Amino acid sequence: MQGMSPIVKNITRLVAGFIALYGAYTVLYGHVTPGGGFSGGVVLASGLVLVVLAFGVGLEQSVLSDAAAKLGDSLGALLFLAVAFLGYGAGMFFVNLLPSGETGRLASAGTIPISNIAIGIKVGAGLLSLFVALAVFRRYRAEQRSDTGMEA
Amino acid sequence: MDPVLLLLLALLGFMLAGSLIAVETRDLLSSVICVGAVGFGTSLVFLLLGAPDLALTQVVVEILILVVLVRVIITRRDKTYTASRATLPVGLVLLALGVMAAIVFGTLVTAEEGGLQMRRFGDPLLNEQAEASIMAPVGEPEVALTKTEPRSIGGAYLKHGVKSAEEAEAQVAKHLPKPPNASNYVMAILLDFRAYDTLGEATVIFVAIIGVYAILRKVGRIRHAGNVADR
């Protein structure tokens, strides 16, 4: 999969940072404003998919590697599970034992922001790895049987 | 009629038309684009019904899925689905359309007179009164809400889920669960009251991605490169 035209590449350079910023905002402020870990993670993944589509898989193999996506997926899941087990500090699974704080502040709602960050990392990395798997493995297949006329 | 209701009906018609075209068209690319249009219509419906969290999630997931599907379609060689059209599916689609139209008519038009024995649009089954009795912590006296028109379950959350620091401390001193104090009600439900559900959902996504890797991985392709028929 080669990259796209210079116009697409330049616009991607301009826009990708803002997409990532919006994704991070959606994840971090999930307990204050509409949004949350899942939608923010999907926004992050869409930004990365845009970069992969515009610049081709070459960049993906150097910076956003398959292994890193898998690692992020697993780490997010483990972090969420750790939050769940943290509840045993107060006697039960999933007890929100951190201080609640003041409503509307960023540092409020106990363990909810931490769970949001975990889910954001997990969903973002997971969907990116899904896309990369489709793109990379397709290319591999196309190389294997280039006579079928399939492009990567 | 309520302008929001009119907009919802227009969106419903748009989505019905889009899904019919998606089912009936021969061109796979137009079919995928029609599915995307239906998804965006769903997102607008969520927004109009006052669920911005769902609308945001729907829109971003729809964009990502559309990109992936369009990529898959345009890298395939055969662009059209050439199987012969069966009469039974078309008939079933028309039947489903009729049933949907009847339900929508029964709900929206005759609701004021209690037609079809359906609840009024915008009057949820789990109203403030029911929710307050469910969410009240153990030991707190039974809540008696005023018998006003029940509109949402948000009021119950404001009563039990959001409290000042002193009230929260008093509640903890009485060994009652602490209020989550999140201003986003949806997140308080997803990650505090029903966090088990969210853990299960996260597990489902994890397992789905493992499944995709198991199907697409290189090792399996190399081993069966000689005899696999992957299309």
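Two residues are in contact if their C-beta atoms, placed from the backbone, lie within 7 Å. The exercises below use that cut-off on a predicted model.

**Exercise 1. Describe chain B by its elements, its burial and its contacts.**

Step 1. Take the elements. Chain B has 10 helices and 0 strands. From the N terminus on, the order is therefore α-α-α-α-α-α-α-α-α-α.

Step 2. Take burial. Chain B holds 231 residues, and 16% of them are buried.

Step 3. Take the contacts with a separation of 6 or more. In chain B, 44% of these join residues 24 or more positions apart.

**Exercise 2. Classify the packing of α1(A) and α2(A), and give its handedness.**

Step 1. Locate the helices. In chain A, α1 covers residues 6-28 and α2 covers residues 37-55.

Step 2. Read the geometry. The two helices pack at an angle of about 165 degrees, and their axes are 8 Å apart.

Step 3. Apply the cut-off. Angles over 145 degrees count as roughly antiparallel. α1(A) and α2(A) are therefore roughly antiparallel to each other.

Step 4. The crossing of α1(A) and α2(A) is left-handed.

Step 5. List some of the residues that meet. The α1(A) side includes A:V8, A:T12, A:I19 and A:Y22. The α2(A) side includes A:V43, A:L44, A:L50 and A:F55. By type, the residues of this contact divide into 12 nonpolar, 9 polar and 1 charged.

**Exercise 3. Is A:A90 buried, partly exposed or exposed?**

Step 1. A:A90 lies in the loop between α4 (66-86) and α5 (112-144) of chain A.

Step 2. Count the neighbours. A:A90 has 13 C-beta neighbours inside 10 Å.

Step 3. Compare with the cut-offs. Buried needs 20 or more, and exposed needs 12 or fewer. A:A90 therefore counts as partly exposed.

Step 4. Find the contacts. Beyond its neighbours within four places in sequence, A:A90 touches A:V95 and A:L97.

**Exercise 4. Describe the side of chain A that touches chain B.**

Step 1. Count both sides. The contact takes 48 residues from chain A and 38 residues from chain B.

Step 2. Assign elements. On the chain A side, α2, α4 and α5 each supply at least two residues. The largest share, 18 residues, comes from α5(A).

Step 3. Sort by type. The chain A side divides into 23 nonpolar, 20 polar and 5 charged residues.

**Exercise 5. Which elements of chain A have the lowest and the highest mean pLDDT?**

Step 1. Start with the chain. Chain A averages a pLDDT of 78, and 82% of the residues score at least 70.

Step 2. Helix α3 (residues 57-62) of chain A has the lowest mean, 62. α1(A) has the highest, 90.

Step 3. Check residues 146-152 of chain A. Here pLDDT stays under 50. The model has 10 contacts beyond four places in sequence for this stretch.

How values were computed. Residues numbered from 1 in each chain as written. Chains lettered and ligands numbered in written order. Predicted model: local features only at pLDDT ≥ 70, side-chain atom pairs only at ≥ 80, totals over all residues. Helix = DSSP H or I, 4+ residues; strand = E, 2+ residues; numbered from the N terminus. Axes fitted to C-alpha atoms, helices over the stretch in contact; angles between N-to-C directions. Parallel < 35°, antiparallel > 145°, perpendicular 65-115°, else oblique. Left-handed = near helix turned anticlockwise from the far one by under 90°. Nonpolar A, V, L, I, M, F, W, Y, C, P; charged D, E, K, R; others polar. pLDDT = per-residue confidence, 0-100.
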